[in-house]
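This briefing concerns pairs of charged side chains in a protein model. Please examine the sequence and structure shown below before reading on.

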Amino acid sequence: MNGRASVTGLILSGGGARAAYQVGVLAAIAELLPAGAPNPFPVIVGTSAGAINAVSLASGAMNFTQAVEHLTTFWQNFESHRVLRSDWPGVIHQASRFLGHSLLGLGSHVPVALLNSSPLRELLNDKINFAGIDQAIAAQHLRAVALTAFGYSSGQAVTFYQSEGAIEGWLRHRRIGLPTALTVEHLLASSAIPLLFAPVKIGEEYFGDGAVRQSAPISPALHLGANRVLVVGVSGNPRGPDRQGGQARQYNAQHPTLAQIGGHMLNSTFIDSLESDIELLERLNHFSRLLPGQPDNLGLAPVDVLVIAPSQPIDEIAARHRHELPAALRLFLRGPGATKTSGAGVLSYLLFEAGYCSELIELGRKDALAQRAALVGFLGIT
């Protein structure tokens with residue numbers, strides 16, 4: 001690290017219910033750490049549902065293993081009604097309001113959202129101890145925690161962060177960093193998937209899911225002092241020269257369903273920017289190693305990066321668990337094609353049910369343990 005102190009950052013990407021996979025990876029890390037080991041991630045950054053995991057982990061950073069156990073229990077007992085209104089009256093009422101406002105212009109103050117996510121506020125208030133963040137920072141178990149939300153008026157990706165000392169904010173093209181005391185409002189804003197969940201007002205601006213137009217998902221961790229990062233993705237896309245994983249591309253002559261189109265749009269929002277940012281970082285690392293002298297002086301010091309991502313297609317896992325959806329949601333999503341295998345991309349983001357989340361947790365654990373040697377070396381576990 002060229003004499004620099006090592007500061008490890010954790011990047012937890014967005015992805016709705018897919019974020020259960022991240023919990024499995026964290027559980028595997030907790031298994032690898034010796035008993036009583038401190039939080040191995042001084043900098044924790046999350047977006048969307050990844051922000052919920054990030055803040056939950058940061059609030060329990062005084063005891064990393066216990067925080068991971070708490071997070072695992074949280075996801076293993078998920079049910080859709082704890083995140084959104086999934087009963088018949090709730091689904092029908094919200095859909096009617098959405099159509100009346102969006103198509104007929106009725107109700108100027110009606111939130112632009114297909115689903116009512118009001119139960120999520122109560123859940124987060126009940127499960128996350130925000131005061132624990134300050135305690136962990138004061139005890140030097142945590143340097144900073146951050147989450148990103150998208151401002152609908154400014155068009156900026158805003159990273160709200162809580163940190164030790166005076167870490168200066170930053171201003172880049174369409175992305176800024178603002179120090180603040182994190183609250184449930186920030187979490188709700190960061191996880192408000194466009195059109196599906198209503199925007200959240202913070203200050204004078206309405207915010208939505210932080211993955212929207214987040215061009216550099218790894219950047220906030222570096223601004224907060226990390227010089228090496230563990231990235232936990234949720235795409236399942238193969239990495240490396242063979243992007244198709246050795247399989248031929250498959251085609252069919254059927255028209256794409258609305259859910260299939262929506263799934264690709266969600267993937268573009270939640271996944272593509274992170275994967276592109278990882279590729280860019282790896283290229284910059286390679287370039288910096290070729291430079292003579294001290295690349296640190298040019299702002300090009302290498303950043304160690306380790307990526308853990310699903311080894312199996314999450315869409316297919318979601319399709320196997322589609323029967324777990326409450327009847328009202330299942331009917332609501334059937335029309336656009338989300339309950340079909342081809343439209344399971346949308347389903348994979350909204351299936352907040354215990355069976356699906358538990359399978360993702362176990363997959364994350366297995367994928368992380370499959371990289372045991374790399375994780376042990378990266379985290380310096382002895």
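A residue counts as buried when its relative accessible area is under 20%, as exposed when that area is over 50%, and as partly exposed in between. By this scale Asp-304, at 28% relative accessibility, is partly exposed. The model is predicted, and it holds eight salt bridges. Side chains of opposite charge can pair when their charged atoms come close.

**The pair Asp-315 and Arg-18**
- Asp-315 and Arg-18 form a salt bridge in which the closest N and O atoms are 2.5 Å apart.
- Asp-315 belongs to helix α10 (residues 314-320), while Arg-18 sits in the loop between β1 (8-12) and α1 (20-32), so the pair ties together parts that are 297 residues apart in sequence.
- Asp-315 is partly exposed at 27% relative accessibility, whereas Arg-18 is buried with a relative accessible area of 2%.

**The pair Arg-228 and Asp-304**
- A salt bridge joins the side chains of Arg-228 and Asp-304, at 4.0 Å from N to O.
- Arg-228 is in strand β9 (residues 228-232) and Asp-304 in strand β10 (residues 304-308); the pair therefore ties together parts that are 76 residues apart in sequence.
- Arg-228 has a relative accessible area of 10% and is buried.

- The side chains of Glu-362 and Arg-365 meet in a salt bridge of 3.5 Å, N to O.
- Both residues lie in helix α13 (residues 354-370), three residues apart, so about one helical turn separates them.
- Glu-362 is partly exposed at 33%, and Arg-365 is partly exposed at 27%.
- A network of salt bridges links Glu-31, Glu-362 and Arg-365.

How values were computed. Residues are numbered from 1 along each chain as its sequence is written. This is a predicted model: local features need pLDDT of at least 70, side-chain atom pairs count only at pLDDT 80 or more; totals for chains, interfaces and linings use all residues. Side-chain values use heavy atoms; hydrogens and water are left out. Helices (H or I, at least four residues) and strands (E, at least two) are DSSP runs, numbered from the N terminus. Buried means under 20% relative accessible area, exposed over 50%, partly exposed in between (1.4 Å probe, protein chains only).
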